[in-house]
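Here is a note for a colleague who is meeting this structure for the first time. Please keep the sequence and the model in view while reading the numbered points.

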Amino acid sequence: MESEYLFVYGSLLKQVNNMMSSYLSLKSSLIGEGMMKGRLFMIDFYPGAIYEEEGNHWVKGDIYHMKEAQKIFKVLDEYEGYIPSKPEESLYQRQIVNVLNIETSIPCWVYLYNQDVEPLEWIPSGDYLRYDMKNH
């Protein structure tokens, strides 16, 4: 399955305002806010999400439409520590999950954290921006 949509929940959010979020804003169109089923954790100074289809928790973020997804992924994969040829060894894995946008479900690519979350701090709100403002 392929998708022209990307769901972001951390350092790629438009409001974070760094070099990579600016790159994404320039190369794609912001569709709006979205939510995916899963949990959000604080990794270091950045978050990581895991997908839990059957869970009752949500991760909040933004949905982008990408006209040239493969070109964008060449840049973002490196930034996210995703190695397409070695997904098991990658810091994140890029997968397609269903993301809710208002009343619609959109299949979106998302970078999911690919390491053990046991020792990490869980962000119950699923909202990185709210967590970051409260803790910094």
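Predicted model: local features only at pLDDT ≥ 70, side-chain atom pairs only at ≥ 80, totals over all residues.

1. Residues are numbered from 1 along each chain as its sequence is written, and side-chain values use heavy atoms, with hydrogens and water left out.

2. Strands β5 (residues 92–101) and β6 (residues 104–113) run antiparallel and are joined by 10 bridges; two strands pair if DSSP finds at least two bridges between them. Helices (H or I, at least four residues) and strands (E, at least two) are DSSP runs, numbered from the N terminus. Across this pairing, L100 stands opposite S105 in β6. The hairpin of β5 and β6 has 2 residues between the strands, and I102 takes a positive phi near 55° there.

3. The structure holds 6 aromatic pairs, where rings of Phe, Tyr and Trp (its six-membered ring) pair if their centres lie within 6.5 Å, with planes under 30 degrees apart counted as stacked, over 60 as edge-to-face and the rest as tilted. The ring centres of F73 and W109 are 5.6 Å apart and their planes stand at 75°, so this pair is edge-to-face. Because F73 lies in helix α2 (residues 69–80) and W109 in strand β6, the pair ties together parts that are 36 residues apart in sequence. Both F73 and W109 are buried, a word used for under 20% relative accessible area, with exposed meaning over 50% and partly exposed in between (1.4 Å probe, protein chains only).

4. F73 also forms an edge-to-face aromatic pair with Y111, at 6.5 Å centre to centre and with 80° between the planes. Since F73 lies in helix α2 and Y111 in strand β6, this pair ties together parts that are 38 residues apart in sequence. Y111 is buried, as is F73, and ring pairs link F73, Y82, W109 and Y111 into a cluster.

5. What sits over the ring of F73, 3.8 Å from its centre? The charged end of R94 does, and the charged end of R94 also sits over the ring of W109, 4.8 Å from its centre. The criterion is that NZ of Lys or CZ of Arg is within 6 Å of the ring centre and within 35 degrees of the ring normal.

6. N17, a residue other than glycine, has a positive phi near 55° and lies in the loop between β1 (5–8) and α1 (19–27). N17 counts as exposed because its relative accessibility is 61%. I102, found in the loop between β5 and β6, is exposed, with a relative accessible area of 80%.

7. S21 lies in helix α1 and is buried, with a relative accessible area of 1%. Leaving aside its neighbours within four places in sequence, S21 is in contact (heavy atoms within 4.5 Å) with S11, L12, L13, K14 and V16.

8. A nonpolar core is a set of buried Ala, Val, Leu, Ile, Met, Phe, Trp, Tyr and Cys residues joined through side-chain atoms within 4.5 Å. The largest such core has 40 residues, of which L6, F7, Y9, L24, M36 and L76 touch the most other members, and its largest share, 7 residues, comes from β6. Beyond its neighbours within four places in sequence, L6 has contacts that include L24, F73, L76, W109 and Y111.
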